[in-house]
Amino acid sequence: MVAYKFRMDTGYAGTLSREPAPGDITPENLDPTADWASYGFGMPYKYTSAGLATPLVGSETASEIMGLLVRSYPGRAVSYTGDSAYPQIGANGTDGARRGYMTVTLHGSATPVKGGAVYVRVANAGTGEVIGGIEAAADGDDTIVLPAGRFEGTAGSDGLVEISFNLQ
């Protein structure tokens, strides 16, 4: 019998880690005026008054989160460096997930535990933290709980972790 010394790879940020059900993934039009340069796949988005998906910019509430950006496969020719991923140029679309299981980048210094709450940073981003980043611990009013979100295990050495969530 072979002994596996390492855990299975969790994939890439924004990848759906388990088979989605019908209606879990929705096409979204992106706000062309938003700063997508520092926002990555697997991060939450909200809607503008015109119904366009836009990144979190700070001081959002949990009810404003409409989904998480899904990494397209086989992928577009974009520069992807962790939190720097422009999903689609201009007002064109990308996919968003309203519920399911997704691999995300873990920010902050806390270690997630299976079944633990998922937090989203909405203010005062420090070292290793970004507005809209997924974290494993509350930080006062600087983070909010992702509705029906929970960690499905610990993060790998690459900083990626699987979460489940339901925003419907």
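## Arginine 18 and tyrosine 101

The charged end of arginine 18 lies over the ring of tyrosine 101, at 4.0 Å from its centre. The criterion for a charge over a ring is that NZ of Lys or CZ of Arg falls within 6 Å of the ring centre and within 35 degrees of the ring normal.

The model is predicted: local features need pLDDT of at least 70 and side-chain atom pairs count only at pLDDT 80 or more, while totals for chains, interfaces and linings use all residues. Residues are numbered from 1 along each chain as its sequence is written, and side-chain values use heavy atoms, with hydrogens and water left out.

## The five-stranded sheet

Five strands form an open sheet in the order β8-β12-β11-β9-β10, and their pairing is antiparallel. Strands, like helices, are DSSP runs numbered from the N terminus (E, at least two residues, for strands; H or I, at least four residues, for helices). Two strands pair if DSSP finds at least two bridges between them. The edge strands are β8 (99-105) and β10 (134-135), each of which pairs on one side only. In general, strands of a sheet pair through backbone hydrogen bonds, either parallel or antiparallel.

Strands β8 and β12 run antiparallel and are joined by seven bridges; valine 104 has valine 161 in β12 as its bridge partner. Strand β11 (residues 143-151) pairs with strand β12 (residues 160-166) in the antiparallel sense over two bridges. In β12, serine 164 is the bridge partner of arginine 150, and isoleucine 163 is that of phenylalanine 151. Strand β12 is mostly covered, with six of its seven residues buried. The accessibility classes are buried (under 20% relative accessible area), exposed (over 50%) and partly exposed (in between), computed with a 1.4 Å probe on protein chains only.

## The nonpolar core

The largest nonpolar core has 29 residues, and those with the most contacts inside it are Leu68, Leu146, Phe151, Ile163 and Phe165. The elements giving two or more residues to this core are β4 (67-69), β8, β9 (117-121), β11 and β12. A nonpolar core is a set of buried Ala, Val, Leu, Ile, Met, Phe, Trp, Tyr and Cys residues joined through side-chain atoms within 4.5 Å. In soluble globular proteins, nonpolar side chains tend to be buried together.

Leucine 146 illustrates these surroundings. Neighbours within four places in sequence being left aside, leucine 146 is in contact (heavy atoms within 4.5 Å) with Ile65, Leu68, Val118, Tyr119, Val120, Ile163, Phe165 and Leu167.

## Salt bridges

The structure holds nine salt bridges, each defined by a side-chain nitrogen of Lys or Arg within 4 Å of a carboxyl oxygen of Asp or Glu. Aspartate 24 and arginine 99 form one of them, with the closest N and O atoms 2.2 Å apart. This pair links distant parts of the chain, 75 residues apart: aspartate 24 belongs to the segment before β1 (25-29), and arginine 99 to strand β8. Aspartate 24 counts as buried because its relative accessibility is 5%, whereas arginine 99, at 27%, counts as partly exposed.

Glutamate 135 and arginine 121 meet in a salt bridge at 2.6 Å, N to O. The pair links strand β10, which holds glutamate 135, to strand β9, which holds arginine 121, across 14 residues. Both residues, glutamate 135 and arginine 121, are buried. Glutamate 152 and arginine 150 also meet through their side chains, at 2.8 Å, N to O. Here glutamate 152 is buried at 11% relative accessibility, and arginine 150 is partly exposed at 40%. Salt bridges with shared partners join Arg121, Glu129, Glu135 and Asp139 into one network.

Tryptophan 36 and tyrosine 39 form an edge-to-face pair, 6.1 Å centre to centre with 80° between the planes. Tryptophan 36 is buried at 0% relative accessibility, as is tyrosine 39 at 4%. Tyrosine 45 and tyrosine 47 form a tilted pair, 6.2 Å centre to centre with 50° between the planes. Tyrosine 45 is buried at 0% relative accessibility, while tyrosine 47 is partly exposed at 30%.

Threonine 54, in strand β3 (residues 53-55), counts as buried because its relative accessibility is 8%. Apart from neighbours within four places in sequence, its contacts are Asp31, Ala34, Trp36, Tyr45, Lys46, Tyr47 and Thr48.

Key:
Phe/Tyr/Trp six-rings, centres within 6.5 Å; stacked < 30°, edge-to-face > 60°.
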